[in-house]
Amino acid sequence: MPLKKRVEKAITEVNAKRAFEHIKNLASFGSRVAGTEGDLKSIKYMSEQFVKAGLKVEYDVFNAPSFIEKEAKVLLSYPSKKEIKVRAMLYSVSTSSEGVKGELVYANLCKEEDFMKIDAKEKIVMFSRTKDKDAFYEEVANAAKNGAKAVIMVDYNPWIFTATMESGYFDIKKRFLPVEPNPIPAVTINSEDGRYLLEQIAKGKVEATLVVDVTSEEKETKNVRAIIEGGRKADEKILVIAHRDTANTPGANDNASGLATLIELAQILPEYRLNRSVELIAMGAEEELGSLGSYNYCKIHKDELDKVKAVINVDMVAVGSKLKVITEGLWPDKGRLETSKEINRLLIEEANRIGYFVEYGICPFATSDEGRFIDAGVSASWLWKPDDPYYHSTEDTPDKVNPNDIKAVCEIVKNAVIKLANM
Ligand SMILES: [Zn+2]
């Protein structure tokens, strides 16, 4: 007897090639810091993709501190003339158009005790970035307190890390702290230029001019929410979230990889039976104030938060080695924030079931968007590849991305969401 062919409705498959096109498009918008041109373009892009998939789109509108870098440079003037490539630290102040001129002095890690050994008065202070550190309020404040005119941070990678002058605290009110006696400009350089400058300093006096032209002002941004209406429990929700903004970088992995995941899911999930509603959210302003977009989601939808049954955050999933389900994050002023054991287990189970390798991991220095949900009492989890060497650098470009990683993540999240929406 001939085998009966199984007749199934054709289901749209995750397409890595298509996902990669979305990553390339999003990374071409330039900096996507909240409120910038690139951010606006990405709001439009995500909205269009969701509408094209036939989904209803809604927005959470809120203000965020924007940052536009028009120019930043260091010009070495003595003993030789040379321009050093730099990036302004996010929320650095500008200099005058002539810039700030001064002698360079090295202050190790820019800790309070480092200033016991050097005279930083009226000088431009150089310091080395502490491994995995993102926020440098303390270092810049120490330099200012000890009389420095400006700050240059040297990264340990041969590319430029785009640091922030935020404090690195979870408490939003403590994110921006005063720099006394007055704010000073701060830039970052790569390891090679850092080594060159330090060699020059070791030989004798080195003079440079630092020019920074930036604008920092409050601007409007949005969470873009695509809604797949549930069947029998439409008022209960499962959220899949990915932040849209960048840290003044092209943001191919961080986090166009998450956005491409949302776009693929927008095309595939509506073909399945879902009892609970599913929201796919391109969050704004994650890189600021410890996930400002999620903070605002929890504030705006406060009365419906008990209807949010699960949140899966997809942030940085296409560069690095192994994909991890993050069990906890850590903030200096908040301590550990644990993700949901149930969602974590489900993600691992679903990955195992369809033959993908995923393991548990932690984030030792912060949380991503899921942190604000956990803090608001909502069960949430985070999928992350922790070892992207180009993290928050100008090198976070599409050529580093592995498109097939998106396919794996989409399939794992798709299966987990179908379970969560129907259990
Ligand atoms: Zn990110």
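Modeller: A residue is called buried if its relative accessible area is under 20%. Keep in mind that the model is predicted.

Colleague: How many residues of strand 11 are buried?

Modeller: Strand 11 covers residues 308-314 and is mostly covered. With the cut-off at under 20% relative accessible area, the number of its seven residues that are buried is six.

Colleague: Which residue of strand 15 is the bridge partner of V314?

Modeller: Strand 11 pairs with strand 9 (residues 233-243) in the parallel sense over five bridges, and there V240 stands opposite I312. Strand 11 also pairs with strand 15 (residues 380-384), in the parallel sense over four bridges. In strand 15, the partner of V314 is L383.

Colleague: What area do domain 1 and domain 2 bury between them?

Modeller: Domain 1 takes in 16-66 + 218-422, and domain 2 is 69-214. The contact takes 29 residues from domain 1 and 20 residues from domain 2. Carbon and sulfur atoms carry 60% of the buried area, and the total between the two domains is about 2,000 Å².

Colleague: Which element gives the most to the side of domain 1 that touches domain 2?

Modeller: Between the domains the count of salt bridges is zero, while 13 residue pairs are in polar contact across the interface. Strand 1 (56-78), helix 6 (292-300) and helix 8 (370-375) each give two or more residues to the side of domain 1 that touches domain 2. The one that gives the most, with three residues, is helix 8.

Methods. Residues are numbered from 1 along each chain as its sequence is written. This is a predicted model: local features need pLDDT of at least 70, side-chain atom pairs count only at pLDDT 80 or more; totals for chains, interfaces and linings use all residues. Side-chain values use heavy atoms; hydrogens and water are left out. Buried means under 20% relative accessible area, exposed over 50%, partly exposed in between (1.4 Å probe, protein chains only). Two strands pair if DSSP finds at least two bridges between them. Domain bounds come from an automatic or database domain assignment. Contact means heavy atoms within 4.5 Å. Buried area is the accessible area (1.4 Å probe) that two parts lose on being put together, summed over both. A salt bridge is a side-chain nitrogen of Lys or Arg within 4 Å of a carboxyl oxygen of Asp or Glu. A polar contact is a pair of N or O atoms within 3.5 Å; within protein, one must be able to donate a hydrogen and the other to accept it, and residues adjacent in sequence count only if both atoms are side-chain atoms.
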